[in-house]
Amino acid sequence: MTRAPRDAADLCGLEPETGAVPIGEVDLPDLPGLDTADGLARVGGNRSLYLRLLRKLRDEYMGAADHVDSALAAGDRERALHVVHTLQGVAGNLGASELHRRAADLQAVLKGDDDGGLGAANQAFRDALDAVAEGLGRLRSPRTSASAVVDHPEGGLPDALLSL
């Protein structure tokens, strides 16, 4: 029995309507806000690792701008700085260079005593994060394995499978 070939978007767990940038044997779709060639190079060409890290970025860091705003509203500049610093490092390692630059700019303002540029730096950070979020929104979650069905606490099919 032969299997139909899978396109690059399917292999990478991405929505099929996205464009593609060739990288090695498998194309990684073009994701707004991300230089996938740079990000893939930073993880030694390991596509599986890169996609897993992109999903983690999507799932854990897309609310960072709201966390920064909350921290600033509460007068907790250190917490805001921590959030921005963390996201700056993650963005730089995954090829989100504009987000990395905007996070560095905001971090510099947060470390300073003059809040004159805070609003503009925070908005630029938010805009760059939104661009990355748009690209990451095209990533699908990994397919559910058969063991997930067996281990489901209610004994039924998880909602993700029921929606297929």
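Read along the sequence, the protein follows the pattern α-β-β-α-α-α-α-α-α-α-α, and in this predicted model the secondary structure amounts to nine helices and two strands. Among the contacts with a separation of 6 or more, 54% are accounted for by residues 24 or more positions apart.

Helix α4, which spans residues 64-73, contains the buried residues Ala64, Ala65, Val68 and Ala71. When the helix is seen down its axis, these buried residues of α4 fall within an arc of 125°, and they therefore line one face of the helix. The cover over the buried residues of α4 includes contributions from α3 (47-61), α5 (77-94), α6 (97-111) and α7. After α4 comes Gly75, a residue whose phi is positive, near 75°.

Helix α7, formed by residues 118-136, is the place of Asn122. The relative accessibility of Asn122 is 12%, and because buried means under 20%, Asn122 counts as buried. When neighbours within four places in sequence are left aside, Asn122 is in contact with Val68, Asp69, Leu72 and Leu106. One of these partners, Val68, is also among the buried residues of α4, and α7 is in turn included in what covers the buried residues of that helix.

Note on methods
Residues numbered from 1 in each chain as written. Predicted model: local features only at pLDDT ≥ 70, side-chain atom pairs only at ≥ 80, totals over all residues. Heavy atoms only, no water. Helix = DSSP H or I, 4+ residues; strand = E, 2+ residues; numbered from the N terminus. Buried < 20%, exposed > 50% of the residue type's maximum accessible area, 1.4 Å probe, protein only. Contact = heavy atoms within 4.5 Å. Arc of directions from axis to C-beta.
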